[in-house]
Amino acid sequence: MTAVATTPKRRLAGVKQALRPLPWIGPAVALIVAIVLWPVVVMVKTSFTNIASDGFSTGGAGWKNYHSLLQEPALGGVVVRTLLWVALVVGVTMVIALALAQLFNTRFPGRRIARSALIAPWAASVMVTALVFRWALDPNSGAINVVLHAFGIVHQMGSHQADWLGSPGTAMICMMGVAVFVSLPFSTYALLAGLQGIPDEVHEAARVDGAGRWRSYLSVTLPLLRPSLLVATLINIINVFNSFPIIWEMTRGGPGYSTSTSTTMMFILKQSWVGESAALSVANFVLVVIIALAFLRVTTKDGGLG
Amino acid sequence: MSVTTASLSEARLRRQRTRRRISSTKLMLSVLAYGIAVLFILPYLEMAVAALRPASQLLAPNLLPSSLDFHNFTSIWSTGFGGNLVTSLLIAGGATVLVLAVAIPAAFYSARHRFRGRGVFLVLVLATQMFQPASMLVGIQREFLNFNVGSSTLELILINAGFNLAFAVWILNAYFASIPVELEEAAMLDGCSRLSALGRITLPLAAPGIVTALIFTFIAAWNEFMVALTFTLGQSSGRQPLTVAVNNYIGQYSIDWGHLFAGALIATVPVIILFALIEGRVVGGLTAGSVK
């Protein structure tokens, strides 16, 4: 009897069954495909196309765009700066966030209000935060320089020493500081969520076994915090790698490419060399995909899907 | 008898001493926490101070000016700032409406039904949460160059909706999945249709999730800078959202910091308040699936 299951009628019913989710899921899939996935195809195609400076395509370019990208004298420095930018910003952010999460997890009066002050840099536009820091670092009148001058660290207002954004080295350090500042709220909250998931009994058990505070943190809290630590680190890596407004607003990535990461270099290239910029975008994108795959592995390992 | 009382009171004394020590460390910790909290809002206070400086003291090397001046907040409207505010509202509002209209049915269906391709769909959603416009800006720009939709506002609505959709589906899926299907079935037994059961029972119960997705999408689109800069840089300034318009006060030789920060403050304060309303729930959504 079941052998005749694939009569035309049954097959039609099967198709109908398969199409049933379409009105519910279809629009979402269409929007994601058209806005998020299709640009990837366009981007790869563009990286193999000759684009004149007026934006019109003048035919295939083969690997030419990739060749000229590799021959950019600034590329080596940009790659090194990008690696340092991501590693230092994410590393410092996670260490400070661990301490902040611990601090804001202890009970004290007014904790809710204190905690919600933490979110300001997360809610505000990063562009705005970057501009405030550029203003506060002004060599002649910036608030940070006024304070440093009062403490005797800056010897004279308006001097070369007070012009922190004026030389690439100190400018990078300042911008990393801003990047840490805007990454802290999310990281701290993610770790706070992780800390709240750890039952009190675990700490009590550690105390009964004679573990000191520091010892119990290292061998009990930290391992249990691992999932949130991993997720927060990966999200931060992607955010910090893609970060554009801080560098754009504080130094425009210049002079030259001396304070650029690969994201700002891509943006600067795009203004006159679209094909080459597309080649760099493809490289950036491949890196993000690798990070995202790592993220998927971590999050789906414990059957987290659905 | 007297021995026991002595040791008892001694124990009490010791307990009191430890309690006092704990409360003094607690006091230190809370002072530290308040200090850090102030540090996090300090840049935004400095922004307000800068916007309120009288023009004559704008570049004075002091922390606080001798008087405050609200002139920047009244004169900013004659620089066309109102039009930028409207554009930002249109972009963020439009993107939010589109995201909710598309995400609610998708999240509901994938939470309630097992169907072929459900796993693929959920992986697509989870993976695209990791994609940001920054790493594919060239592709987005070329795509819209070929496929002209006519208005940069509409383009920015579509792009912001596309890139925020995944998070909304993800967080709503978790909410719908947590609402027992029996509640809908009971309503249907009482004579509700499938759709009115959804509208009367499920959606109200999922309201916290919907509000979270709504506010999160709105803020993300409101604050978005890189794509907006790319799509509206050469446009007439009225078409530019606030994030781009604020940068128009940066000239080649001088910067109108007063208007810049007045505008930035007007753009920032509402979203900080909105975000404070949903602070607790966003992290749960961002890390859903791994941190339970």
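Helix H5(B) is largely enclosed by the rest of the structure, because eight of its ten residues are buried; a residue is buried if 20 or more other C-beta atoms lie within 10 Å of its own, exposed if 12 or fewer, and partly exposed in between, with C-beta atoms placed from the backbone. Those buried residues are Leu137(B), Val138(B), Gly139(B), Ile140(B), Gln141(B), Arg142(B), Glu143(B) and Phe144(B). Helices (H or I, at least four residues) and strands (E, at least two) are DSSP runs, numbered from the N terminus.

This is a predicted model, in which local features need pLDDT of at least 70 and side-chain atom pairs count only at pLDDT 80 or more, while totals for chains, interfaces and linings use all residues. Residues are numbered from 1 along each chain as its sequence is written, and chains are lettered from A and ligands numbered from 1 in the order in which they are written.

**Contact between chains A and B**

- Chain A and chain B each give 77 residues to the contact, where two residues are in contact if their C-beta atoms, placed from the backbone, lie within 7 Å.
- On the chain B side, the elements that give two or more residues are H1 (2–52), H3 (81–112), H4 (118–128), H5 (137–146), H6 (152–178), H9 (207–223) and H12 (257–286).
- H1(B) supplies the largest share of that side, 15 residues.
- By type, the chain B side has 55 nonpolar, 16 polar and six charged residues; Ala, Val, Leu, Ile, Met, Phe, Trp, Tyr, Cys and Pro count as nonpolar, Asp, Glu, Lys and Arg as charged, and the others, Gly among them, as polar.

**Largest nonpolar core**

- A nonpolar core is a set of buried Ala, Val, Leu, Ile, Met, Phe, Trp, Tyr and Cys residues joined through C-beta atoms within 7 Å.
- The largest such core has 158 residues, of which Ala28(A), Ala103(B), Leu165(B), Val169(B) and Leu172(B) touch the most other members.
- Helix H9 (168–196) of chain A gives the most to this core, 16 residues.
- From chain B, at least three residues come from each of domain 1 (2–57) and domain 2 (78–286); the bounds come from an automatic or database domain assignment.
- Leaving out residues up to four places away in sequence, Ala103(B) touches Ala28(A), Leu165(B), Ala168(B), Val169(B), Leu172(B) and Ala213(B).

**Domains of chain B**

- Seven residues of domain 1 are in contact with seven residues of domain 2.
- The domain 1 side of this contact consists of six nonpolar residues, no polar ones and one charged.

**Chain A as a whole**

- Chain A holds 14 helices and two strands.
- The C-alpha trace of chain A spans about 90 × 70 × 30 Å along its principal axes.
- Of the 306 residues in chain A, 42% are buried.

**Local features of chain A**

- Helix H2(A) (22–47) has a kink of about 40 degrees at Trp38(A), shortly before Pro39(A); the bend at a residue is the angle between axes fitted to the seven residues ending there and the seven starting there.
- The buried residues of H2(A) include Ala28(A) and Pro39(A).
- The peptide bond from Gly254(A) to Pro255(A) is cis, with omega near 0 degrees.
- Pro255(A) lies in the loop between H12 (245–250) and H13 (262–270) of chain A.
- Arg252(A) is found in the loop between H12 and H13 of chain A, and its phi is near 60 degrees, a positive value in a residue other than glycine.
- Arg252(A) counts as partly exposed because it has 13 C-beta neighbours inside 10 Å.
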